[in-house]
Amino acid sequence: MIRIISILTGLFFTVALLWSLALDSIQLSKDGLPHTAAHAFGEHKLKPLKLASDGAFGKFDKAQLQRGFAVYQNVCSACHSIKQVSYRSLTALGYNEVEVKAIAAAATINAKDPLTGEMKDRPGLPADKFPPVLYAGTGTPPDLSLITKARHGGAAYVYSLLTGYKDSQPAKLVEHFPDAKTPEGMFYNPYFANLNIAMTPPLTADGQVTYSDGTPATVDQMAKDVSAFLVWTAEPELEKRHQTGVWWLGFLLFVTVLAYMSYRNVWAEKKGH
Amino acid sequence: MSFPWAKEYKPSHPFMVWMDEKLPLPRLVYNAVGGGYEVPRNINYLWNFGFLAGLCLVIQIVTGVVLAMHFGGDTRVAFDSTEHIMRDVNWGWMLRYGHANGAAAFFAVIYMHIFRGFYYGSYKAPREMIWLLGVVIFLLMMATAFMGYVLPWGQMSYWAAQVITGLFSAIPLIGDPLKEWLLGGFAPDNATLNRFFSLHFLLPFVILGVVILHVWSLHIPGSSNPTGVEVKTESDTVPFYPYFVAKDGWTIGVFMIVYGMFVFFMPNALGHPDNYIPANPMQTPAHIVPEWYFWPFYAILRSFTQNFLIFDAKLLGVMAMFAAILVWFFLPWLDKSPVRSATYRPLYRKFFWVLVIDVLILGYLGGAPAEQPYVLISQLATMYYFLHFLVIVPIVSSIERPDPLPFSITEAVLGHDRAAASDAQG
Amino acid sequence: MANEAGTDAPAVDGEGVRRRDFINIAAVSAAGVGGVAVVVPLVAQMWPSADVLAESSTEVDIGAIQPGQAIKAVFRKQPVFIRNLKPEEIEAANKVDVATLRDPQTLAERTKEGHENWLITMGVCTHLGCVPLGTGEGESKGEFGGYFCPCHGSHYDTAARIRKGPAPKNLHVPDYEINGTVVKIG
């Protein structure tokens, strides 16, 4: 009985699926496979980016993080916040406490006065987080604290996007996909999901940011550095994670080999014959 | 229960004697995972996944309890408190990555455990109850994992809550009120997050309870084995301690190495980037998918695209998705073959491997965008999935001619079995 | 153990422990070490987190506090009293016979050398943790002109020493240092 019911149920689902399949196939034969501007013209291969933090033994390049921080402070921070990051954690970039205090004090923090309970503006303290950024234009520039974890491709995506602006769209794109024409006030960037991005090209000229360590501030270098910095803002635990992981694996390999030998021992006289 | 030759617990120390009289907990442990539990000597490494699943449950409960000490179950702070754990709490990043990847590890292990059952017929009499409880555990795991995924209140969390509770709205008449009841509102919000946090904390302990029942019912007939032939004599078994403690022990090491590679070196490889964007009820991500362990079921859900008879497409998809798991409950009665192990079932074995490939395809499609040609392929794959359990398994089990079985486990291992042979003669 | 001697000659050390037993013991011990190591993060996660530790010191500008005035500041989520003592308050505090006090301390022991007028104490009554009065304008300073805790009636003198009431100790003096007009507490 149960088998008859089950076979009937199975056939019911099968017929329902065949029905969907048939109607969908007819539709597909009319429409063809989906074809969008992003499919056809988007850059699906990101530009390669090698960072010191890559790989199982990766560590941050502190000088690069400091340069990336300078790019963030001078360029990105006009529109984008990094509100998950605390000033105190900048010591991980190699700044000493006096420098961190000065960086924090340059910011204005709106915080509750603990004695009166009023919201007041005051200079930042190392314990504060980076403040929210009020953006006057249209749109909502995303917070960048986690951006390299929040996008496929991570740092390479950020780097590709920053250096991937094109002056004009391919003529074929506009011809085949008139809807994908870059609207007024937006910019064509094949690395962006729908090809047209509201962000003005942020890094445009060599030397836009002055590096204190003498590294030539080319657009490419600045894009790399800020990508590296954003890896740090997203994963400040990265170095400790890698170190702990190496210990973990090393110790477990040792224990597992011992445990395997012990297993062979225990079973030695049970293996038959 | 145990086999007549199983060793009895005999405490020697006066304290243990005293303890055994008052609370025979050591005796219980001895009989469950100690020298008193006799296990078929021929079980292979696929039998290790049950023990590993138990380990995963412990990892999840321990890391989960400590994470709950730092997490704020409120939509205003959930995302930031998760980042607080990652950045400020001592070892918080390890606990959180360990918990997130621990869920994935748990499902990976449980899928191996389930498919072991499919292949070796572990669900068959006299082990139906073990199987039924196992399916209950799996359903509870799915609910727990889903609610846990909602907690960080990222984009994927929010839209997972929206979509999964939306499944219930497919039910005729009571669907919409049921959805509002589940959410505590018209859309996922603070009430939803709070109740999911509460239930996400509770359900693992319910799972633990059902796991105890699962193991209890396992100890009545004892473990199955790759031949599917029941234990006959003492030479068929070895005690759990030390033999399987040693075997499970070193595979725990292997498991921990693989798990550690994810936690420490690619902690986000299995997650979706969009969940690092705070929840935004006004904007759906371009491509919403659940975590990988739900992909096969998600593909089944999405493969019903057209209304059929009186059923609309949405209801069909939801019915099929739940049916995909519910059919497992009936498996012991759908598969009437007296032979358990696929090793001796040439026809079933072929269909088993087709099922494996089919589920892998469904898994791939569940992670792909809902567009052609993926939808067509998932319709075919879903069709095979149901045909396998509901049509092929019952029919194959009636018409198949199994290969000859070994006389006993000992014979399968050693090639001869003097004790069993003399038993048979006597 | 069922092996005949010779097929797998057991290596025997001085104590007579066989090599294969040694491996089992080593494996179990190593697993035990791993188990203990795993407990470390589970315990350590309960220590104060980095954001809490970041607030473990507070800097306060005391340049504007006139003699006789006091302010409340926040130190580790608790009030701290900073008082600029008047000469007569210092005199009153020094006149007290220390031996008669419940918690014998001189004013000099409770202030920094060269800054005897700066009395910096936690604003947490040592009885049961209420915040004593006496910093604000017009608040009761108690019978001894220092602080008064209204919860259970503890009176503190001008050196914030307990003089009357149930509190067992003087108001606690936190670690601090004074640099010019800035005091760094903690």
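1. The centres of domain 1 and domain 2 of chain C, taken over C-alpha atoms, are separated by 59 Å. The domain assignment places domain 1 of chain C at residues 1–47 and domain 2 of chain C at residues 52–185. The model is a predicted one, and the remarks below should be read accordingly.

2. Chain C also contains an open sheet, built from three strands in the order 5-6-7 with antiparallel pairing. Strand 5 (145–149) and strand 7 (162–164) of chain C form the edges, each pairing on one side only. From one strand to the next, the twist averages 35 degrees.

3. At the level of residues, His155(C) has Lys164(C), in strand 7 of chain C, as its bridge partner.

4. Turning to chain A, its secondary structure amounts to eight helices and four strands. Along the sequence these elements follow the pattern α-α-α-α-β-β-α-α-β-β-α-α. Chain A is more spread out than a compact globule, because its radius of gyration is 27 Å, well over the 19 Å that the globule rule gives for 273 residues. Along the principal axes, the C-alpha atoms of chain A fill a box of roughly 80 × 70 × 50 Å.

5. Two further figures describe the packing of chain A. Of its 273 residues, 33% are buried. Among the contacts in chain A with a separation of 6 or more, 68% are made by residues 24 or more positions apart.

6. Strand 1 (residues 108–112) and strand 2 (residues 119–123) of chain A pair in the antiparallel sense over five bridges, and the bridge partner of Thr108(A) in strand 2 of chain A is Pro123(A). Six residues lie between these two strands, and in this hairpin Gly117(A) adopts a positive phi near 80 degrees. Strand 2 of chain A is hardly covered, since the count of buried residues among its five residues is zero.

7. The contact between chain A and chain B draws 48 residues from chain A and 51 residues from chain B. On the chain A side, helix 1 (2–31) and helix 8 (238–267) each supply at least two residues. Helix 1 of chain A provides the largest share of that side, with 17 residues. By type, the residues of chain A that touch chain B divide into 26 nonpolar, 15 polar and seven charged.

8. Is Asp335(B) buried or exposed? Asp335(B) counts as buried because it has 21 C-beta neighbours inside 10 Å, and the threshold for a buried residue is 20 or more. Asp335(B) is located in the loop between helix 12 (313–334) and helix 13 (346–367) of chain B. Leaving aside residues up to four places away in sequence, Asp335(B) touches Gly121(B), Lys124(B), Val393(B) and Ser397(B). Asp335(B) and Glu234(B), by contrast, are 101 residues apart in sequence and 30 Å apart in space, C-alpha to C-alpha.

Definitions and conventions: Residues numbered from 1 in each chain as written. Chains lettered and ligands numbered in written order. Predicted model: local features only at pLDDT ≥ 70, side-chain atom pairs only at ≥ 80, totals over all residues. Contact = placed C-beta atoms within 7 Å. Nonpolar A, V, L, I, M, F, W, Y, C, P; charged D, E, K, R; others polar. Pairing = 2+ DSSP bridges. Axes fitted to C-alpha atoms, helices over the stretch in contact; angles between N-to-C directions. Rg over C-alpha atoms; globule rule 2.2 N^0.38 Å. Buried ≥ 20, exposed ≤ 12 C-beta atoms within 10 Å, placed from the backbone. Domains from an automatic or database assignment.
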